[in-house]
Amino acid sequence: MITLKNVEKCYKTKAGFTYVLRQINLQIAEGEFITIMGPSAAGKSTLLNIVGMLDHDWEGEYTLAGQAVHTLKPKQRQALNRQYVGFVFQAFNLLDSLTVYENLDVPLSYRNVKTSQRAAIVCDTLDRFGIVGKKDLYPSQLSGGQQQLVAIARAVVANPKLILADEPTGNLHSTQGREIMKLFKKLNEEGATIIQVTHNEEYAAYGRRIIQLKDGWMDGEITPDQLPGKAR
Amino acid sequence: MIALWQDLKYGLRMLAKNRGFTAIALVTLAVGIGANTIMFTMSDLLLRPPTKVKNREQLAFCAIQDALFPWFAYSAYLTVRDSGLAFSALMAQGDDARPITLVHRDSVRQVRATYVSANYFSSLGVSLAQGRGFLPEEERVGGGPVMVLGHRIWQRLGADPNIVGQFLSANGVRCQVVGVAPEGFTGVTFIGPDLWLPLGSYLPVAELARGSTRRANAGPDRDYPGLCVVGRLKPGLGMSMAQGQLQALVPRFKLEYARQWRANSSLALRPPGRFMIDADPANERLGTTIFSLVLMAVSAIILFIACLNLANMLIVQGASRHREIAIRMAIGGGRWRIIRQLLIESGLLALLGGILGFLLAFWGTSILRAWIAAAHDPELRTMQPGLNLRVLWATLGFCLIATLLFGLRPALKLSKRDLASEMKDTGGSALGPLRRRRGGLSVAGQIALAVVLVLGATLLTRSAIYSARPDPRFPLEDKLVVQVDPLSAGYDRIRSIQACEALADHLAALPDVKALGTSPRLFFGGRDVMSIYEVAPGTEEGGTRKLIARWAATPDVGRDYFTALEIPLLQGRLFNRLDHVPDAERVTIIDETLARRLRPDGNALGCLIEWGFSTEYSDPYRVVGIVANVPGIADREVHAQMYKPTRPDQLSPYFYLYARDMESAEALVQRISQEIHQVDPHVPVLSAATLADRRRDDASVWMASFGARLALAAGVAALFLAALGIYAIKGYMVASRTSEIGIRKALGATQANIIGMVLREGLVLTIVGLSVGLLLGLGVARVSASLLYGVSPLDPVSVVVTAALLTGASLLASYIPARRAAKVDPMEALRHE
Ligand SMILES: Nc1ncnc2c1ncn2[C@@H]1O[C@H](COP(=O)(O)OP(=O)(O)OP(=O)(O)O)[C@@H](O)[C@H]1O
Ligand SMILES: [Mg+2]
């Protein structure tokens, strides 16, 4: 589903060019659950943004579901993003002024889904995530775990084939984190391709493949069994 | 002291740092303060008492009430003056509505003169800029004709420092200049004459030079104009006490002036009027107060919009400074220090804005002055607005108000905030929905207020355009009106009439002239104070008289008046030569309006009518012709007209030339002086212009366009401020919601989605503001419908234009921030989290 070939990203700073991603080569098949790990500033978020097509300023080749993203114009990339991608952020990034229901409605409104269908889809999703009772609350009235639940619901409401999660559990208590990971697993089993970034080895183990980044370079790929914590 | 200096320096640095904020705030302040200063200047012009008169509050105007006419005879003035009652000084002045032709070297101009008693300048406590005032012997008939020039006319004549002692010709009479009045001196009233002549000069300059003959049996008072008498009350004497003292004279007046004084006539004292010396200041004040109230209301609205802008912007700026202030307080900054810091910043802003505003006002008033100076009407031209100390104080006051209004409140509020919660607040969407709604409400309020002003401006503009646009049925471009003044060439009446006849013959024979008419006074429609009555045929004096029309004009017209002005004859005949001969039957031509009132069945020919004013009536006239209605030059309403043929001894110095076409009319205007000079080199041409130009110069047409321009300026200012306010609010909204917009883009929003969102935000409130403003504006327009000419107060065009302007302005003002929002990079926005 995803092929990255020699993807590179650099920032121009006062000191000159700083590369934050070097020669990233990666193949991800449909239905995979991938974890990206690495120290801070390794370039994990940057990679995720490129895959999610929020970032247009990079070099190399990137194919998503047969489409050569590097040849597309920003507008087309955005369209592709809408068609395939759902984002979950570390800081939840719910829209504070909107209720839970409205937050779920936003991605659909940007995808020209008919109003009548939207209501059905939103209710369906609320139901699936067990947050029907919270639908009229504002994000500030929810706990951190509930907020992330809503954020994930919002990421999947438009039924994306690819879910990108940047440290989705970073701000959560461990039990809440585990719940979220179970949810991801379930979504993955239902057919979604998932790429998550995490520092937590326990959660990393939910991925089938674990890709390690360091200083912008791919530092190898391991399976969950090879995680240092497991080895011990 | 050092701390204050530091605060000041820091304040300047903050202003320099937030350049966008500072620029918008300064422009807002400058426009708000500038507009207010200009409006204040205008109303100051109306309310300010005349300058240069010493202790004007001591002056009292002697009013003769309920008499046949309210003026003092010269001998009556002397009686009061010499009685020693009530006044420490008593002066008299006689105004003459007829302008004087003043010739100085090559320049000929028409000026207004006031005839005054010898003690005029001294009793007003004015010392002349040059020369002297009048001498007692000059007050009497027979004293040499002399004049004191007003400062303005002296400047117009070239500001000759040696003017005193020179001779000028006034209506052809050689008058020596004995003095020049100080700058700004306008006499008792606010609008002054161009020059002053002693009462003794009235007979030679105003009467004999104009061809009047001195009636031997009329008594000495006939040689003087009707007088307005103004005295300076004796120290410590109140108005009512003085009035009581004067009652001793009333029986004598009733005896001596039996024709004027009736049984119930009385003598009363009151302060002299500001514009007309004999007007009751109470009534006058009402008029000027309404006018200034309108001005004040307009400037208050602009100031209010400006303050709303500033308040919003300060909230905006305050929101971004919560953390700074919280940290300052946490590290030991006292509350007072912080309030002072914030006040110094807003004070700096207000001061800079005030300076800019004052410059703007300075520039604005010089434009106003140029407009007014271009007016044709000499009385209007004397109204010169100027920025004076009072206006400067007012501007500073506005600055202070602005500082307090928009600086103090946020300062108090910000400095009171809970420290802990401030420190914890890490940004994000710090702006609660509540504050956002308040911003929206104030946008709605601004729009509503701006709509009122813009609607008023468009209505006034439409009405000014309408009143300036000539009536298509009466083309004015191809008609000239030329005024000559043979009397000031030194001719007597007979010779003047002959000269005018000769000139008329010559001009009528020019190839470019289709027809030439004459009249003693300039007349082209309009209303007058006459009432028209029908008299039953055969009844004697005092018989049955039926009122037909009020506010009618009864112009005398000379040869071919109707042909030259293209006024069509509908029934009967025009005047012919026989109507103008001595002892001809009294005949009249009336207009359609009067004819219809006279005989609704349409058969008014042959009716007998008279004109009357007060208790006097004319001889009966027989209607021989009916002509079409003529719209007035100024207002376009049709008033009843009763045209009479000139008598043979009447001088008709106005020529109406019906030119072949517009081009030849323009050419004639250029050539006319030459042509007249050829026939008679001594006769000065006072004016030559097309009727279209005359119309444009007309005082009320000019006032309409002046008012419209003023309103337009106010409307533009309001529109601009409202747009700026919307821009600031939307800009802030976008800035404070960068991360939200980033999230939305990450969730798949396109640029169009984001632009739409920003534009839609507050759209409802904008529409509400627009509707409320339109309702309010239409209400105001209805109430002040009398200011509008030819435009309904509910004029749909104006409503549409206003709505379109406001919608356009607010769309533009929100489109710029919306574009900025659409450019937000989601990665950047999210990184700030
Ligand atoms: N706009 C930018 N300009 C310059 N450098 C940037 C910019 N954005 C990111 N970087 C740099 O890119 C590098 C990678 O950043 P990135 O956010 O991808 O790291 P990360 O692996 O997600 O780290 P963390 O685990 O802390 O989230 C960092 O060194 C960062 O300083
Ligand atoms: Mg990261």
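A domain, as used on this tour, is a part of a chain whose bounds come from an automatic or database domain assignment. Keep in mind that the model is predicted.

**Stop 1: the domains of chain B**

Select chain B. The assignment divides chain B into domain 1 (1-49 + 280-427), domain 2 (59-273), domain 3 (433-471 + 695-833) and domain 4 (486-683). Colour each one. Domain 1 is written as two stretches, and so is domain 3. Now pick domain 2 and domain 3 of chain B. Their centres, taken over C-alpha atoms, are 55 Å apart.

**Stop 2: where the chains meet**

Show chain A and chain B together. How many residues does each chain bring to the contact? Chain A gives 20 residues, and chain B gives 16 residues. The size of an interface is often given as the accessible area lost when the parts come together. Here, about 1,700 Å² is buried between chain B and chain A. Carbon and sulfur atoms give 60% of that area. Next, select B:Arg744, B:Leu747 and B:Met827. In chain B, these residues lose the most area to chain A. Together they account for 38% of what the chain B side buries.

**Stop 3: ligand 1 and its shell**

Centre the view on ligand 1. The site is shared between chains, because residues from chains A and B surround ligand 1. The shell has 13 residues, and those that come nearest are A:Ser40, A:Ala41, A:Lys44, A:Ser45 and A:Thr46. Colour the shell by type.

Now switch to the cartoon view. Which helices each supply at least two residues of the shell? They are helix H1 (44-51) of chain A and helix H26 (826-831) of chain B. H1(A) gives the largest share, three residues.

**Stop 4: polar atoms at the ligand**

Zoom in on the oxygen atoms of ligand 1. Start with A:Ser40. An N or O atom in its side chain is 2.5 Å from a ligand oxygen. Move to A:Lys44, where a polar side-chain atom lies 2.7 Å from an oxygen atom of ligand 1. Then show the backbone of A:Gly43. One of its backbone N or O atoms lies 2.9 Å from a ligand oxygen. Finally, show the surface of ligand 1. Taken alone, the ligand exposes 640 Å², and the protein buries 69% of that.

How values were computed. Residues numbered from 1 in each chain as written. Chains lettered and ligands numbered in written order. Predicted model: local features only at pLDDT ≥ 70, side-chain atom pairs only at ≥ 80, totals over all residues. Heavy atoms only, no water. Near = heavy atom within 4 Å. Polar contact = N/O pair within 3.5 Å; in protein donor to acceptor, adjacent residues only side chain to side chain. Areas by Shrake-Rupley, 256 points an atom, 1.4 Å probe, with all protein chains shown as cover. Helix = DSSP H or I, 4+ residues; strand = E, 2+ residues; numbered from the N terminus. Contact = heavy atoms within 4.5 Å. Buried area = accessible area lost by both parts, 1.4 Å probe.
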